[in-house]
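Me: I would like to go through the side-chain contacts of this model with you. Could you take my questions one at a time?

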Amino acid sequence: MRMVGTIAVGIVALLASPARAELPVVKEARVSWQGCDYSIKVRQDVDPDYPYPVPLYRISVQSEVVSPGTCSLTPRTVQLATSKLSPRIAISANAEGLAAAYSFGEYYRGYGNSIRLRVHRLDPSTMGSVRVAGLQANFVPENGGAGGPGEANLQGLTLYPGYLEVNGTLVGNSITQDPATVPWPYPIVQGSRFVATYPDFFGSTQQPPQIVTY
């Protein structure tokens, strides 16, 4: 039994050891902007916190040079987050800038899935995050009790002149900014879908989103 346990631990260590660049890409979204290519990718790794193989998803953004004649940047890859549940991803660009979004989370025994959403304004030269905005979903008891986490699942990211919009599905009865800017209990809403609009997302003022559920 001791030998079997040793072998199992060795297998886990081996699975977790490859360089991140060699991990399999299980999801990818791409956009071309100003002559360069940009992508958001999900690579599947092994979670080192468990004694047996459990997936850990690494979410990263990457810049690429397709043609030196149209793109002069230095290719870069930046990890944005990890998720214990399979994430949803999107990337978009317009004349104002470049943005990427993803939903991520994990399962909690006794509560279910906790899934949050992030939107990053990206610097196209460094792939660093200039601005990060978040959304969270919750179950809020009508009597204002303890409640629990919900799911804010990304479905779409769209850039319009002057604002950014993300939409998705909601599991729970409340959705707020993450971190929340209002005290618990959070406002209760109706519906299983949401649209969050961020005015002037690429500007200098960071206005709060307008969130609509239906």
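**Side-chain contacts**

Me: Is Asp 37 buried or exposed?

Reply: Asp 37 is buried, at a relative accessible area of 16%. Here buried stands for under 20% relative accessible area, exposed for over 50%, and partly exposed for what lies in between (1.4 Å probe, protein chains only).

Me: Before we continue, what kind of model is this, and what limits apply?

Reply: This is a predicted model, in which local features need pLDDT of at least 70 and side-chain atom pairs count only at pLDDT 80 or more, while totals for chains, interfaces and linings use all residues. Residues are numbered from 1 along each chain as its sequence is written, and side-chain values use heavy atoms, with hydrogens and water left out.

Me: Back to Asp 37, then. Which residue forms a salt bridge with Asp 37?

Reply: The partner is Arg 30, with 3.8 Å between the closest N and O atoms. A salt bridge is taken as a side-chain nitrogen of Lys or Arg within 4 Å of a carboxyl oxygen of Asp or Glu. Arg 30 is partly exposed, at 41% relative accessibility.

Me: Which residues are linked with Arg 30 and Asp 37 in a network?

Reply: Glu 28 and Glu 64 join Arg 30 and Asp 37 in a network of salt bridges.

Me: How many salt bridges does the count come to?

Reply: The count is eight salt bridges. Among them is the one between Lys 84 and Glu 106, at 3.9 Å from N to O. Lys 84 is in the loop between β4 (77-83) and β5 (88-94), and Glu 106 belongs to strand β6 (residues 97-108), so this pair ties together parts 22 residues apart in sequence. Helices (H or I, at least four residues) and strands (E, at least two) are DSSP runs, numbered from the N terminus. Lys 84 is partly exposed at 31% relative accessibility, and Glu 106 is partly exposed at 26%.

Me: And Asp 178, which side chain does it meet in a salt bridge?

Reply: Asp 178 meets Arg 118, at 2.9 Å from N to O. The loop between β12 (174-177) and β13 (193-199) holds Asp 178, whereas Arg 118 sits in strand β7 (residues 112-122), so parts 60 residues apart in sequence are tied together. Asp 178 and Arg 118 are both buried.

Me: Changing topic: how many aromatic pairs does the structure hold?

Reply: There are seven aromatic pairs. One of them is Tyr 102 with Phe 104, a tilted pair at 5.7 Å centre to centre, with 55 degrees between the planes. Rings of Phe, Tyr and Trp (its six-membered ring) pair if their centres lie within 6.5 Å; planes under 30 degrees apart count as stacked, over 60 as edge-to-face and the rest as tilted. Tyr 102 and Phe 104 are buried. Trp 184 and Tyr 186 form an edge-to-face pair, at 4.9 Å centre to centre and 75 degrees between the planes.

Me: Which residues form one aromatic cluster?

Reply: Tyr 198, Phe 201 and Phe 202 form one.

Me: Last topic: how many disulfides does a search of the whole structure find?

Reply: The search finds one disulfide, that is, a pair of cysteine sulfur atoms within 2.5 Å. This disulfide joins Cys 36 to Cys 71, at 2.0 Å from S to S, and the link is right-handed, with 105 degrees about the S-S bond. Distant parts of the chain are linked, 35 residues apart: Cys 36 is in strand β2 (residues 36-46) and Cys 71 in the loop between β3 (55-64) and β4.

Me: Are Cys 36 and Cys 71 buried or exposed?

Reply: Cys 36 is buried at 6% relative accessibility, and Cys 71 is buried at 4%.
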